[in-house]
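Hi there,

Here is the structure I promised to pass on. Have a look at it first, and then read my notes below.

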Amino acid sequence: MPNHNNAIRKFKSSLIALALTALAVSVAADPVVATVTVKFDSNIFNGSGYDSVNITYGLPGGDSRSEGVAAGRFQGTASHLVNIDPKVFVDSVDDLFMYCHDLYEGISGGRSVKYTVDFNGAMPGTLDFLGAVNSVMSMGKTYDPYAWLHPVNGNQGAAIQLGIWESLYDTGWDLNTGNFIATGLNPLTTGANGMPGTATYYGQFVGAIDSTDALERKYTMVLKANGAQDMITGDPPTDIPEPGSLALVVLALAGLAGSRQLRRKA
């Protein structure tokens, strides 16, 4: 006589496995999107300062553009978080520190922008540079993967910003040649007390690239928007899976259900 209870249990297990597989395919095809609204401080370089420099960089299609810009670390606040945990912001949502991650669009103090979060957006060259920055700034103390977000003055912040641009638009680290050029940096020393200039900090950071490890991508995230400059900031890893990892979790669950079904059949 057939065992109806076993048949029912197998039928239910098959339904669960099919449901999990369908959910996995759905999540993988349509990943969860994380968004955040950033309001930049009216003094966009609040807390750190900047250096006024002249830059020339390549444009899509082969043309180039030259302009005077302020280079430094930006500051703002984060709100309207969707599918993103507040814990992923290094200091707090009220103290969001960022650097410009593109030159093709603009941003201004006091502006609010809705960004899409890309947890894998940092480029390898940028990670090489930021790893060197962290090593130099952490020298003599515990290594800080977020040291790059906390420059001690405007010259240091400007050097970090210039290095990020150089990593995005050029293949080397010489600011005097190539597809990204920067001139007019504060010199080797500035001020009556001989404070290191932007050029000094940049030289220190670039000089450490070959002898230091790259920053792991998991410590960064890129904020992307149409009509506003993209930003790069820190991302402390948390116990909560980031949206890009949810599909892998569901796929693992589906695989587990399938393996159990096979064991039962065996």
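Helices (H or I, at least four residues) and strands (E, at least two) are DSSP runs, numbered from the N terminus. This is a predicted model, where local features need pLDDT of at least 70 and side-chain atom pairs count only at pLDDT 80 or more, while totals for chains, interfaces and linings use all residues. Residues are numbered from 1 along each chain as its sequence is written, and side-chain values use heavy atoms, leaving out hydrogens and water.

Let's start with Y104. You will find Y104 in the loop between β5 (96-100) and β6 (112-118). Its relative accessibility is 39%, so Y104 counts as partly exposed (buried is under 20% relative accessible area, exposed over 50%, partly exposed in between, with a 1.4 Å probe and protein chains only). Leaving aside residues up to four places away in sequence, Y104 touches Y57, G58, L59, P60, R65 and Y169 (contact means heavy atoms within 4.5 Å). The side chain of Y104 also reaches the backbone oxygen of G58 at 3.3 Å.

Now for a pair of helices. The axes of α3 (residues 154-169) and α4 (residues 198-207) come within 8 Å and cross at roughly 50° (axes are lines fitted to C-alpha atoms, for helices over the stretch in contact, with angles from 0 to 180 degrees between N-to-C directions). The two helices are therefore oblique to each other (under 35 degrees is roughly parallel, over 145 roughly antiparallel, 65 to 115 roughly perpendicular, the rest oblique). Residues making the contact include N155 and L162 of α3 and Y201 and F205 of α4.

Enjoy exploring!

Technical notes:
Polar contact = N/O pair within 3.5 Å; in protein donor to acceptor, adjacent residues only side chain to side chain.
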